[in-house]
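Let's take a walk through a protein model together. Keep the structure open beside you as you read.

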Amino acid sequence: MNVIEKDAAAIEVTTGNDVKNVLIVGVGGQGVIMVSKVLALICQDQGHNVKQSEVHGMAKRGGTVFSHVRFGEKVWSPTIPKGKADILLAMEWAEGLRWLNHLKKKTGTLIADTQHIVPPFACLDRTRGASSGYTTQLPGDILENLHDGYALDATGIATEIGNFRVSNTVLLGTLSAILDFPVEIWRKVISEMVPPATIDLNLKAFDAGRSWVEESRKVGKAPEAKPEKKAKKQAPAPKVDSKPVDKDFELVLTPEWCKGCDICVKVCPERCLILNAEHKVELSKPDACTGCRICEWLCPDFAIDVVKDATKTNQTSASA
Ligand code: SF4
Ligand code: SF4
């Protein structure tokens, strides 16, 4: 069960000078700022005084990004103090847990994508089969101690719709069912904010996130959660660069997506990777690769996958 609803009514947003606080958190590249801007514009459109602040600039995965949105009759400060967020919208599970202490204890609502993006510092042991330091706390354990909470596989929903990148819009749909603003204004602002070619896809994602909450209210529980999975672009034709003898993983590179930023080359602890003459990534020392996955996690363009070879191992840990 991924939803706790002790108060299924939408949050009242228009009473007096009662300032509402929405904290949006995630990691670089997830669209935290887009979500925050959409919300701020909607609040403005609805006649609220709005203050928004953000910390971002992480061009690669693994960096925390967060944004505060405060709205009401008159907002004096852009920052939400600890314990004062009415809504915490987390685009990554561990980031949601990290910021839980900002949520109002008695009335706060958590909305969280259950997807896991394991940061490199959670992978200090780089040997094969080692477990990562990523949180083991599950949605059910967290939500049952909150006033109100929604944990959904937004990334999985977005992937099914057609592109995992619209998971942020799925979460906007979920947020729209919690905040009492007209649905038309959400759709209008989203359409104005996203690239024209993706408007239909984003509106579909918005509807899916909104329906997820409405469905959960109708039946009194959350729709069946899809198995958690890490979203990836569909590789046109992944190229297997190496399959070292006696190793239980493959390093799969997709040069078409590599923009030659050099991040993986610099972060690989074993110095296995190089950029070739075309500035595309290549595995230069297959035997030295431990499958630690740091390159996979930090590549901003999803050009590297460390794929477990099920025929060679029974391990189920994150390590390939
Ligand atoms: S594989 Fe990814 S991290 Fe490595 S150079 Fe290419 S884009 Fe950068
Ligand atoms: S190539 Fe990637 S998986 Fe292999 S050792 Fe280097 S960082 Fe780790």
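## Ground rules

This is a predicted model, in which local features need pLDDT of at least 70 and side-chain atom pairs count only at pLDDT 80 or more, while totals for chains, interfaces and linings use all residues. Residues are numbered from 1 along each chain as its sequence is written, and chains are lettered from A and ligands numbered from 1 in the order in which they are written.

## The big picture

The protein has nine helices and twelve strands. Those names come from DSSP runs, numbered from the N terminus: helices are H or I with at least four residues, strands are E with at least two.

Of the 320 residues, 41% are buried. Here "buried" says that 20 or more other C-beta atoms lie within 10 Å of the residue's own; 12 or fewer makes it exposed, anything in between makes it partly exposed, and the C-beta atoms are placed from the backbone. Now for contacts, where two residues count if their C-beta atoms, placed from the backbone, lie within 7 Å. Among contacts with a separation of 6 or more, 66% join residues 24 or more positions apart.

In soluble globular proteins, nonpolar side chains tend to be buried together. The largest one here has 58 residues, and Leu23, Ile24, Leu88, Leu89, Ile111 and Leu171 have the most contacts inside it. Helix α1 (residues 32-45) gives the most to this core, seven residues. There's also a second, separate core of 21 residues, which includes Leu253, Ile263, Cys289 and Cys295.

What does Leu171 touch, if you skip neighbours within four places in sequence? Its partners are Val35, Leu89, Met91, Ile111, Asp113, Ala154 and Gly209. Follow one of them, Ala154, and you land in helix α4 (residues 154-161). Ala154 counts as buried because 31 C-beta neighbours sit inside 10 Å.

Take a look at helix α6 (residues 183-193), where Trp186, Val189 and Ile190 are buried. Seen down the axis of α6, the buried residues fall within an arc of 100°, so they line one face of the helix. (The arc is that of the directions from the helix axis to the C-beta atoms.) Turned away from that buried side are the exposed residues Glu184 and Glu192.

## Around the ligands

A residue is near a molecule if its C-beta atom, placed from the backbone, lies within 6 Å of it. Ligand 1 is surrounded by a set of residues including Cys258, Cys261, Asp262, Cys264 and Cys299. Its shell divides into eight nonpolar, one polar and three charged residues. For this sorting, Ala, Val, Leu, Ile, Met, Phe, Trp, Tyr, Cys and Pro are nonpolar, Asp, Glu, Lys and Arg are charged, and the others, Gly among them, are polar.

Which of the 13 residues around ligand 2 come nearest? They are Cys268, Cys272, Cys289, Cys292 and Cys295. The shell around ligand 2 has nine nonpolar, two polar and two charged residues.

Leu273 lies in strand β10 (residues 273-275) and is buried, because 23 other C-beta atoms are within 10 Å. Not counting residues up to four places away in sequence, Leu273 touches several residues, among them Cys264, Cys268 and Cys295. The phi of Asp262 is near 85°, a positive value in a residue other than glycine. Asp262 counts as partly exposed because it has 13 C-beta neighbours inside 10 Å. Arg293, in the loop between β11 (281-283) and α9 (294-298), also isn't a glycine, and has a positive phi of about 80°. Is Arg293 buried or exposed? Arg293 is buried, with 21 other C-beta atoms within 10 Å.

Key:
A nonpolar core is a set of buried Ala, Val, Leu, Ile, Met, Phe, Trp, Tyr and Cys residues joined through C-beta atoms within 7 Å.
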